[in-house]
Amino acid sequence: MSHLPTLITDLALILISAGVITLIFKWLKQPLVLGYIVAGLLAGPYINIFPTVVDMESVNIWAEIGVVFLLFALGLEFSFKKLVNVGSSAFITAITEVITMLIVGFLVGRLLSWSVMDSIFLGGMLSMSSTTIIIKAFDDLGLRKQHFTTIVFGTLVVEDLIAILMMVLLSTMAVSQEFVGEELFMSILKVGFFLILWFLIGIFLIPAFLKKTRKLMNNETLLIIALGLCLGMVVLATKTGFSAALGAFIMGSILAETVEAEHIEHIIQPVKDLFGAIFFVSVGMLVNPAVLIDYSWPIIIITLVTIFGKATFSTFGVLLSGQPLKTSIKSGFSLAQIGEFAFIIAALGVSLKVLDDYVYPIIVAVSVITTFTTPYFIRLAEPFSEWLYKVLPPRAKDFLASYTSGKKTVNHDSDWKKLFKAHLGKGVIYTVLLTAILLLSIHVVYPMIQNRVDSISFWGRVGVSVGTLLLMAPFLWALISNKYNSPNLFMSLWKDSKYNRGRLVALVLSRITIAIVFVSAVLIYYLQLNYGVGIIIAVAVLIFILLFRSNLNQYSKIESHFLTNLNERETAMRKRSPLKSSFHDEFSEKDIHLLPIEVSPYSQLVGKPLSTLALREKFGINIVKIIRGDVKIQIPSGDECFYPQDQVVAVGTDDQLARFREQMEVVPAGQQKTESSKEVDLHSFTVDDSFPFLGKTVIASQIGEKFNSLVVAIERNDELISLSKDTTFELNDLVWVVGEREKVRTMLQLA
């Protein structure tokens, strides 16, 4: 009889126990993450009632792979452009919460007599909220469309990026065992440099590669390529001194900007689920029930600090950003838990051997408790905010009213601020690219030549320096030229006789100085010139670039290609789907916001002029848009009427919109309202030979009836084809469909 490796028996035990326990947790309507942890606890070495895992070392390797794929999937949902659009409230809230909980966590750890490193990791773990738990709670409570949830989701997006940076910094601190400010600052700069560089190169190359090879790909090849890119970036990140998780996250965020993002997210879902389950089960295996009993008081203390500390400081962060008290409390109470990133940070500490054994099970216990308390705190937020407002002294109410209203006034940035931001952003990008070329030349190209040639002559060094400067030339030209640095805004300020031109001159000189520094660095390193001579020659080189800019300027093509790739997904969506509207454009940062509502044929408001409905008096809302088929009626007059199936965009508070929505989305007696808690969005996928409706017409496939989805466009041979009753799905078609994410995934899983 052949011997079965322990890895296979352990994996069988992990998956069977996880499957059984998660079925029970599904039945109890509890998060699957908790089921995995309980399964790990039962299959772990500390409970002998059931068979236990033998080879923990192999399980830990699988768990590390699980972290990689979890971060890769998180990157696919992240998108750096989404980070730019989250708004100031989310940034202020996330930064306030993270900084305060880092400090509070560290102080609590020290008060419990924990080591300095344990206390620092505790602060890091307590500062991260759980995206999974919050989304589930909002879905269960039917709150996904309320205004405060957008602030919460934006805060979670910012926290995701902070968590990635925190993992890098914690790794640096754990390895060096020092807390030197200069070293941490350099680590932050290094992380920022590589984040920008990898993102720029990735967006420049990967979308074009996927577009060129789209016709050759089916689900299998796209899966292999996506995982290969993920693991390739993991290796690159590890080689440059960063964590594997950072590399996976970066590659996910790059692929999130491509047309194939949803398709990739769909096909890697089973892989992520498998290895993610192993990771969370491994978390449960490290929990020693005896430790939980011995450290019951620390668990209680840390749980209370987590719940009340995060609720308080998150609320303060939202309030600080200028949101009303009610919105602030709702947002803050929603963030009062810890989750997945706490486990990942704890696993990092264990792998680096800087965390004591008792910390991990304590954090798991706190996470489990705060998972159960989250829905109750969300429900408690509104009555608590109403009670708090009643007991506040009048002066406090007046201050809050003036502060929030003052923060909401329209504040257009001055032309100078806009110009400065544009120059700063472009300057950072150019500096990163020029630094990358310089490092590539010094640390890769030059050593490679040295290995092949015994000694490089003076003219050889001249050749290397000239080659390096030629690679830099497009970016040097873009840096010193006004053509790529908001020229219209610059000239409008320059022509204004009342404006101080000194600032403009300083901006130009700062860009020229950066260019001189890079050219001087190349000349001084390769030609061993002194600084004075190097700077003089550098100025001459820049003048040469200016004189021959028409021959050297390739930057326009580079920038155009990059922006095309970066905006490819959004451009395709706008071109293919008229359903993408500006519903989610930010109207106001108050409790007042926009909400699209569909008019029911059974509503009593149908067919009556708006002037007779008195919507403002009855509900406190205003109608800003009516969408009727392809017709959009902006700011409708009093003579307009509501008709069945109209999309009405109303503005008001959560309570006002909820009351109005009840009158608009009426269902007849005896029928159940079939509203889904899921968001309807635009998705894309490529038809391969396993697609179940290949060769069938769009109508015959009955996608609408079976999956509650709508095919809105098909791109064939890079051209958009007109949809008709005879349109069929053909191999390599790029199909755009509107529907719920889970419904679309179910359709694709048939393949």
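**Surface patch and salt bridges**

Mentor: This is a predicted model, and on its surface Ile16, Val20, Ile24, Trp27 and Leu28 form a nonpolar patch, with about 560 Å² of accessible area together.

Trainee: Where is Ile16 found, and is Ile16 buried or exposed?

Mentor: Ile16 is found in helix α1, which covers residues 6–27, and because its relative accessibility is 59%, above the 50% cut-off, Ile16 counts as exposed.

Trainee: How do the axes of α1 and α2 cross?

Mentor: The axes of α1 and helix α2 (residues 32–43) come within 8 Å and cross at roughly 135 degrees, which makes α1 oblique to α2. The crossing of these two helices, α1 and α2, is right-handed.

Trainee: Changing topic, how many salt bridges does a search of the whole structure find?

Mentor: The search finds 3 salt bridges. In one of them the side chains of Glu97 and Lys310 meet, at 2.5 Å from N to O; Glu97 lies in helix α5 (residues 88–111) and Lys310 in helix α14 (residues 296–320), so the pair ties together parts that are 213 residues apart in sequence.

Trainee: Are Glu97 and Lys310 buried or exposed?

Mentor: Glu97 counts as buried, at 0% relative accessibility, and Lys310 also counts as buried, at 0%.

Trainee: And which residues are linked in a network of salt bridges?

Mentor: The network links Lys326, Lys330 and Glu382. Lys326 and Glu382 have their closest N and O atoms 3.3 Å apart, while the side chains of Lys330 and Glu382 meet at 3.6 Å. The latter pair links distant parts of the chain, with Lys330 in helix α15 and Glu382 in helix α17, 52 residues apart.

Key: Residues numbered from 1 in each chain as written. Predicted model: local features only at pLDDT ≥ 70, side-chain atom pairs only at ≥ 80, totals over all residues. Heavy atoms only, no water. Patch = residues over 30% accessible without salt bridge, like charges linked within 9 Å, V, L, I, M, F, W, Y side chains within 5 Å. Areas by Shrake-Rupley, 256 points an atom, 1.4 Å probe, with all protein chains shown as cover. Salt bridge = Lys/Arg side-chain N within 4 Å of Asp/Glu carboxyl O. Helix = DSSP H or I, 4+ residues; strand = E, 2+ residues; numbered from the N terminus. Buried < 20%, exposed > 50% of the residue type's maximum accessible area, 1.4 Å probe, protein only. Axes fitted to C-alpha atoms, helices over the stretch in contact; angles between N-to-C directions. Parallel < 35°, antiparallel > 145°, perpendicular 65-115°, else oblique. Left-handed = near helix turned anticlockwise from the far one by under 90°.
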